[in-house]
Amino acid sequence: MKQLVGFVLASLLLLSCGGRTSHFLGSGDSLSFKYATLPTVVEYDDYTVVTLNNPWKAGKELHTYVLVPRDVEVPFHLPKGTVIRTPLERVVVFTTVHSSLMMALECEDKITGVADLKYIKIPWIQEQAKAGKIVDCGDGMNPLIEKIIDLNPDAILLSPFENSGGYGKLEDIDIPLFECAEYMETSPLARAEWMRLYGLLFGCQEKADKLFSEVDKNYNNLKKQAQKAGVGRSILFDKMIANSVWYVPGGRSTMGQMIQDAGGQYLWADDNHSGSLPLPFESVLVKALDADVWMLRYDNDQPMTLQQLLAEQEGYNQFQAYQSGEVYGCNVRTSLFYEEAPFRPDKLLNDFIQIMHPGIKPAAPLKYYQKLRP
């Protein structure tokens with residue numbers, strides 16, 4: 001009787017998988033992550049299953065990928081998921097940050113096309129595009145589908161967004177879409193650790209592991225230095241944008257976590273959002289009126305001055321940080337902030353610590369943020 005029950009249960013499990021042999025029927029080796037919470041990786045003899053948790057819907061999956069080595073035939077029985085042949089040899093990249101990471105992993109030669117070329121400040125990619133070796137695939141929100149089809153890439157790397165409505169025609173061209181959701185991790189090191197997953201995709205896992213180990217070590221050494229320095233200054237972050245909305249990092253965002261790791265007093269530390277909070281000017285003013293220091297990002301040809309900042313919004317002069325001149329700006333046009341910082345949070349943390357602890361001995365000079373002149 002027990003044998004019969006066992007047979008029925010096994011049959012039901014097989015049927016629940018659509019008649020396929022599922023990876024649940026065998027055992028695989030899990031790739032453990034030290035910080036990252038969204039990806040799960042299980043390696044089997046003939047393939048690897050990568051499951052991405054949905055950062056916006058707890059308990060739901062964002063996507064499942066089945067990585068099959070390029071040098072073997074695709075197994076007949078595979079679990080459900082998007083099949084990707086690895087290592088990737090030809091990719092179209094929709095983000096500047098992943099283009100930069102591929103250069104750090106020395107696999108930039110795999111980039112055959114990019115979206116939003118005008119926003120990619122990496123000289124090598126611009127040179128390759130001028131030489132016709134990398135194709136400009138148009139606007140990331142409305143890409144040139146025909147060009148992408150002609151490139152015949154192994155995959156397209158892009159970032160998912162909540163309630164985006166999908167990827168339009170990109171979903172109809174039978175090219176795997178790899179959803180780069182690491183920006184929704186809730187700590188800088190969790191986000192950076194995704195480089196290990198990309199190393200798996202591009203066949204440079206050992207190099208990616210080594211680079212992340214360096215980042216991890218540097219970051220934690222800096223964090224210990226900040227802890228020894230005690231409680232740092234209170235901070236206001238970023239500024240208003242054109243439509244009169246002020247986006248501040250949520251308390252559980254990577255920026256919010258980095259401020260805490262630097263020993264700073266973040267005014268929205270108790271907030272539970274992992275993204276940004278859209279706030280009116282008045283709300284920010286009430287909360288951050290007496291903040292010790294103000295760190296903001298801007299996009300200019302030249303370094304911003306305090307006078308130019310005030311010209312954008314007269315109300316800025318009400319903040320204590322503005323009155324004392326303790327305003328630090330990161331020019332995202334002339335620096336590689338967006339290209340480097342997500343996967344090298346150790347370099348950004350050094351800036352944060354120096355600004356929040358003015359008397360501390362710096363590990364290196366300020367890299368991204370500089371104090372605004374009058």
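A polar contact is a pair of N or O atoms within 3.5 Å; within protein, one must be able to donate a hydrogen and the other to accept it. The views below come from a predicted model.

**View 1. Arg-297 meets Asp-238.** The side chains of Arg-297 and Asp-238 make a polar contact at 2.5 Å. That value lies within the 3.5 Å cut-off. Arg-297 is part of strand 17, which covers residues 293–298.

**View 2. The surroundings of Arg-297.** Arg-297 touches several residues beyond four places away in sequence. Among them are Phe-237, Lys-239, Met-255, Cys-330 and Tyr-369.

View 3. Five strands line up in the order 15-13-17-18-19, with mixed pairing. Strand 15 (265–266) and strand 19 (369–371) are the edges, and each pairs on one side only. Strand 13 (residues 234–237) runs parallel to strand 15, joined by 2 bridges. Here Ser-234 stands opposite Gln-265 of strand 15. Helix 8 (residues 254–261) packs on this sheet and touches strand 13, strand 15 and strand 17. The directions of helix 8 and strand 13 make an angle of about 155°.

View 4. Strand 1 pairs with strand 2 (residues 39–43) in the antiparallel sense, over 3 bridges. Leu-31 has Val-41 of strand 2 as its bridge partner.

How values were computed:
Residues numbered from 1 in each chain as written. Predicted model: local features only at pLDDT ≥ 70, side-chain atom pairs only at ≥ 80, totals over all residues. Heavy atoms only, no water. Helix = DSSP H or I, 4+ residues; strand = E, 2+ residues; numbered from the N terminus. Contact = heavy atoms within 4.5 Å. Pairing = 2+ DSSP bridges. Axes fitted to C-alpha atoms, helices over the stretch in contact; angles between N-to-C directions.
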